[in-house]
Amino acid sequence: MSARDASRARTRQLSLFARLRESRIFQGVALISPANAYLFFFVILPLVMIVILSFLSRGAYGQVVFRFNPGNYTRLLDPVYARILVYSLGVGFGTTVITMLIGYPLAYYIARSPARQRSMLLFLILVPFWTNFVIRIYAWIMILRGGGLLDTFLQWAGLTEEPLGLLYTPTAVMIGMVYEFLPFMVLPLYTSLEKIENALLEAAADLGAPPWRAFLRVTLPLSVPGMIAGTILVFIPAMGMFVLPDLMGGAKTLLIGNVIRNQFLTARDWPFGAAASMILMVMTLALTLFYTRRAGFSEELLV
Amino acid sequence: MPGKYAVELRDVVKRFVTPEGRDLEAVSHVTMKIRNGEFFSMLGPSGCGKTTSLRLIAGFEWPTLGEVYIDGEPQGHRPPFQRPVNTVFQSYALFQHMTVFENVAFGLEMEGASKDEIRKRVGRSLEMVQLIGLDRRHPKQLSGGQQQRVALARALVKTPSVLLLDEPLGALDLKLRKEMQLELKALQQRLGITFVYVTHDQEEALTMSDRIAVMSQGKVLQMGPAVEIYERPTSRFVAAFIGEANFLDGRVKSLKGGNAVVTIPAWGTDIAGLSTTKVHVGDEVAVSIRPEKVRLTDAPEAVKNCLEGTVSTSTYIGSDTHIYLDVRGQRIKVWEQNRTSTLDPRSLYQVGAKAWITLPPENTLVLARE
């Protein structure tokens, strides 16, 4: 190779690099690479690991053995686990419905308050988050336990004579869940209710709608995006919750979240835990998709 | 039987408490009688109480004192959904989650009309505002002008006895606004419905209204037909707010019937004018004359109210030339119509040139100074 050829090759090489640097596509890829790296390492990679893990087997000492085993999934059809799955769905559904029933009037009230009071009220909604989650649960335990605050108060008021025995029951779990997830329902509802112009309600009244009809025909439909966002924010984490049922439901109330945690930490059956979490994920994803499609607001949600 | 008046406000006062805790009298002892089938405008700068007055008629607000009558009936604290009026809102307030058809049908549905009737009446209403074939669209997919028409159709479909319009053309561009003004006026005449129209645009009010109420600071300053408001303003505020005017401060020297002679200290001379409001000899007054009513000549005229001045600016604007003169230290504006077609620069008044202005006494108004 002559010296001239070599130098020509170098310029071609340089120009290739320069061309790459100029390329719009390359620039774009380079610019979003931090986000892509994040997604890859913290979302895709763990997900792939769990999928693989869910098809492996547990060794005699709780270690993971590389042997294909679809039995992890069929095991979930076992009545014991199937019942837990259904029960978890029920708890998630119940939490969502109750937080919506309590959260809607609350969000409506905040959205319709004078602007000065609104930020104060929103602040009050968020105040509990300043305290650690577990400490807040212990506070509820103090309230609900036999001879606790609630019992003492009710007996003092002469409403009951015996302790209610609420703690370590499904009711206690429900109370804790609703308490914990209420802000996640209120905030998105508030956001969509607050956007509804007062002029729209005036227009409805002007056209002959009494307040309740204006609510049903104008306010309610326009707050659907908030209801969907709130449902997703409450339903998905409620399904996977395990700390709260542990502490407030005793060992009696098991949710799918508890099952998963137990497989990883106590039973040391990682493949089965992985399969259970896959099922949980697929289930919530399917339900969410179905729900948003049905409501026809999936596009607004992506914004 | 409906009375002579579609809407009547009797000594209505509306007070608000502002968020800062101050009392605000938005409407202060307003009395208005709006006739059946009339195009009535409330005109004034923002904060003059015109929108609040409209909202009092619609029922969005209730008067602190006084009473609102619609078709002769006192409304008291009747809510908006029980009043025989409909409103076109400034922001249109269209329901974004409904189609054009559903928006217009809303009011009829609330009445409990049958599906057939709704379809028929909505169709007719959309036709009336020239919106055919768009009934399946959502408001977001329409232009501003089309949205405005939907708002109009939605209010008119209920065949109200009074239609209230709160600056409905404010968001449209100038050309469309002019078109809509004429269209609205034609629609009102065709339907024979009373229109109560709120605007801050004096030209809009003059173009469309049978009568205008000029408002300022919660009060009605003057009420009457457009010609009367423009030609015979009864206060300096009205003269300044509607159209343009030259003002001169002076003192009444003599009065004979409607003819007044006013001494203008700035000019050191007397001006003869027409006194349409109650003034007395010795009163401090404002003399007002419209710029197009000032006569401009190259030589002095042997008539009353003729003074010499110097042209300070002259602006050619096509149909007119706007000339500002310095007349004994006072700035006087004169609008001259360009009646002849010529390119000769000598036909225009040159800056620095001498000119004589004449204020015809029949066009020179003597107004009480507030």
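I first looked up V7(B) and found I70(B) opposite, in β4(B). The strand β4(B) covers residues 65-70 and pairs with β1(B) in the antiparallel sense over five bridges. I take strands as DSSP runs (E, at least two residues) and helices as H or I runs of at least four residues, numbered from the N terminus. Two strands pair if DSSP finds at least two bridges between them.

I note that this is a predicted model, in which local features need pLDDT of at least 70 and side-chain atom pairs count only at pLDDT 80 or more, while totals for chains, interfaces and linings use all residues. Residues are numbered from 1 along each chain as its sequence is written, and chains are lettered from A and ligands numbered from 1 in the order in which they are written.

I then followed β1(B), residues 5-17, to β2(B), residues 23-35, and recorded antiparallel pairing over nine bridges. Here K14(B) stands opposite V27(B). The hairpin of these strands has five residues between them, and G21(B) takes a positive phi near 90°.

I next traced an open sheet of five strands in chain B, with the order β15-β19-β16-β17-β18 and antiparallel pairing. Because β15 (295-297) and β18 (330-337) of chain B each have a single partner strand, they stand at the edges and one side of each lacks a neighbour in the sheet. The twist averages 40° from one strand to the next, with axes as lines fitted to C-alpha atoms and angles running from 0 to 180 degrees between N-to-C directions.

I located D210(B) in the loop between α6 (202-208) and β9 (211-216) of chain B. Leaving out residues up to four places away in sequence, D210(B) touches E38(B), F39(B), F40(B) and P225(B). Contact is defined by such C-beta atoms lying within 7 Å.

I finally examined the interface, where 17 residues of chain A are in contact with 19 residues of chain B. On the side of chain A, α9(A) gives the most, with six residues.

How values were computed:
Contact = placed C-beta atoms within 7 Å.
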